[in-house]
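The report below examines chain contacts, helix packing and backbone geometry in one structure. Please read it alongside the sequence and the coordinates.

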Amino acid sequence: MLETYLPILLTFAAAVGFAVVATFSSEWFGPQTPNPEKHSTYESGVKPLGTTKDRVSIKYYMVAMLFIIFDLEVVFVYPWATEFGTLFGEHGVAAFWSMMIFLIVFEFGYLYAYKKGGFKWA
Amino acid sequence: MEFTLTDLTHLLPIVIVAASVLVAMTIDMFTKEADKTLGWFTALSLFAAAYVSLFFVDKTGVHLSGVVASGGATNILHFVFTFGAGVVALISMEYAKKTEMRVGEYYVLVLSSVLGMMLIAAAKDLAVIFVGLEQMSISFYALAGIRRKRDKSVEASLKYFLLGAFATGFVVYGMALIYGSSGTMALDTIRYAFPDLVSQPLFVLGLALFVIGFAFKIAAVPFHMWAPDVYQGSPTPVAGLMSTVGKAAAFAALLLIFRPVFDGAENALFPFLAIVATLSMLYGAIVAIAQDDLKRMLAYSSVAHAGYMLIGFASGEATGAAGVIYYLVAYAFMNLGAFGIIAMIESAEETNLKVQDYAGLGTRAPALAALLSLFMFALSGIPPLAGFFGKYYVFIAAVEGGATWLALVGVASSAISVYFYLRVVVVMYFGKSENRMEYSVSNVSLLGVTISAMLVILLGVLPGSIIKLIESFVR
Amino acid sequence: MTLASVLFYFFATIAVAGGVLMVTRKNPVHAVLFLVLNFAGVAGVYLVLNAQFIAVVQIIVYAGAIMVLFLFVIMLLKLGGEESVFARQPFVKTLSIVIAALIGAQLTYVFFFAAPDKGTMVDMETGVYPGTVKAIAETLYTKYLLPFEAVGFTLVAATVGALVIGKKKLED
């Protein structure tokens, strides 16, 4: 049972492993001769000034809210997408249209947000 | 997924409103200056849905794997929601123009809130109640804050959202416990197992949490704190919508969960309901006396009316259930009429809302004054108007159910409430007016208010046949 | 110990450690990041319990969307440096302890006294079917078709509501 998750575990391990190896191998294997110039911001970067806890524009919030709504949509699509074969076998085209009606209704919301300038920066 | 054409026709009221949401969005997206079009489209599609729900009232049945019902009490409630919201759409047109409110989103949200209410009333499954509740509540939160430039409107929206989300939490928790103890979400299964389930503490706890969550929505004491601020801060037609059909939807959910009690099962929550009803009636009636702002006064009055309707639940009698539905119909239209007139008198800057501002209206606008008097008489429960018979039926149910004292508290609080309702009438006809206030009477708003007035009179003149119709479906 | 138990304790440790670290952090951004760790641990526990769907939702919605919202709120409010809410209002601390104790009591009751078949072990593979994605799909798109389509309308209402509340200038 749990063995079926083995590929996921392996992917997970590969992802974590790559991140760890990539981060630390340069530190472990690379020659280290630090000087102040090297630690400054590189070329086009801006020198850090002030705190990182500054307030961020409220405009980002609109993005966050719309993101949540679309994220919730994914939750409802996910079981349909993974089990579509079974559903189609049992219910035929109705399985297809049940999701299409949902998506059409939902896309009205998307189109509405687009038309109203919900995705515009201003 | 057995879905037939019969299902579609029986669920036509819901389908009409759902389609209207999408059409209204399309109209708003692709036309400029669509204010009038949208208003009329909303009103007419809601009236069409109201007509269809009454037309199909005898087509009782369950559809779509038994998660929704049609016909009977469901359709009567659908009529209240759609017709009431249609009246709101009529009174909104002039108000929206006057206050430069955002119109497109407004009508879309009104329609989508009605869709949520209809789902609640049609529910045969806890999941449908929840989805409907969310649909209605989300629309209301946004509607309360639709006049975003006004601080009061934003405050109302935020308060309503925070407390509403909190209340939804109670409802979901209650549903989880009901599901956990009964093992089902189907209301009919719960109904048949109810006599056994009430002996389980977890089930009763779930029931109590469910009721508390909806007690927030109906603004019953001690869960009423949001109501005065929200009704005052929201645009007046929105306050009308929330306090009438929105409240009716929450009562519809309570009717569904208390169905077994009306069948004769033990009312496990009687002490709780009786206390909440008593507190709501007395608190609402007494605090309303001190209000100068008409919208606040109507908010406290709506708290008291929630108390009267809860008597119907506490009684545990089938006549109580029918009485509650009758009361909902009556209350929806008398309150909507009152809010409609307030919306006409109110200025764009939200002045002319105090009781004193209405001084002299009796001579300067006799028609408006007469209509407002009618609604005030009806709200205070003076026969032969709708409000009287609403109270009569729930009080009778309480007496039959052996809770005579609750009916007596109801009578006492009605007597108190006569004072503040009639004060408005007295001020209108006998008060001295210093300021000659401006008000805008449009034919459309007047039409909406007149329709409400006609229904209030009709319900008062023919209470017997209407309550018989409702009772035949409740049994 | 079986593989399932080992995994359970592994994920449970992550979840509890994440939770404890979250409530003890002073920096709200760090607290949120530990909350993500907690969610990931809980998702793992769900997976061990064969509740695949909730595990996926836990990652997609909670660790994804809800956390984005949390972070945005923190970034908008410029938190940090203010005094603790417990210092200003001591009763809040008492209240939160009371609420935590109540929820703990309820969970204890449910685990040990109210479970319909307490004391019996359920085999995960055969016993816990309702949490699988397959089971969810089989009910959501058939029995609960209507509430499912209604959720589409709820999401539309949420979109319109978000635009009305959050957007400074809407176009016509």
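Helices (H or I, at least four residues) and strands (E, at least two) are taken as DSSP runs and numbered from the N terminus. The structure is a predicted model, in which local features need pLDDT of at least 70 and side-chain atom pairs count only at pLDDT 80 or more, while totals for chains, interfaces and linings use all residues. Residues are numbered from 1 along each chain as its sequence is written, and chains are lettered from A and ligands numbered from 1 in the order in which they are written.

**Backbone geometry in chain B**

Ala219(B) is placed in the loop between α9 and α10 of chain B, and has a positive phi although it is not a glycine. Leu64(B), a residue other than glycine with a positive phi, belongs to the loop between β1 (61–63) and β2 (68–70) of chain B.

| Site | Feature | Value |
|---|---|---|
| Leu64(B) | positive phi | near 50 degrees |
| Ala219(B) | positive phi | about 60 degrees |

A residue is called buried if 20 or more other C-beta atoms, placed from the backbone, lie within 10 Å of its own. Leu64(B) counts as buried because it has 22 C-beta neighbours inside 10 Å, and Ala219(B) is buried with 29 other C-beta atoms within 10 Å.

Pro228(B), found in helix α10 of chain B, also counts as buried, with 22 C-beta neighbours inside 10 Å. Contact between two residues requires their C-beta atoms, placed from the backbone, to lie within 7 Å. Not counting residues up to four places away in sequence, Pro228(B) touches Arg296(B), Ala299(B) and Tyr300(B). Pro228(B) and Met297(B), although 69 residues apart in sequence, are 8.0 Å apart in space, C-alpha to C-alpha.

Helix α6 (residues 126–144) of chain B packs against helix α8 (residues 145–166) of chain C at an angle of about 15 degrees, with the axes 9 Å apart. That angle makes α6(B) roughly parallel to α8(C), a term that covers angles under 35 degrees. The residues of this contact divide into 16 nonpolar, four polar and one charged, where Ala, Val, Leu, Ile, Met, Phe, Trp, Tyr, Cys and Pro count as nonpolar, Asp, Glu, Lys and Arg as charged, and the others, Gly among them, as polar.

**Contacts with chain A**

How many residues of chain C are in contact with chain A? There are 44 residues of chain C in contact with 44 residues of chain A. The largest share of the side of chain C that touches chain A, 14 residues, comes from α8(C). By class, this side of chain C has 32 nonpolar, six polar and six charged residues. The contact between chains B and A takes four residues from chain B and eight residues from chain A, and the side of chain B that touches chain A has four nonpolar, no polar and no charged residues.

Definitions and conventions: Axes are lines fitted to C-alpha atoms, for helices over the stretch in contact, and angles run from 0 to 180 degrees between N-to-C directions. Angles under 35 degrees count as roughly parallel, over 145 as roughly antiparallel, 65 to 115 as roughly perpendicular and the rest as oblique. A residue is buried if 20 or more other C-beta atoms lie within 10 Å of its own, exposed if 12 or fewer, and partly exposed in between; C-beta atoms are placed from the backbone.
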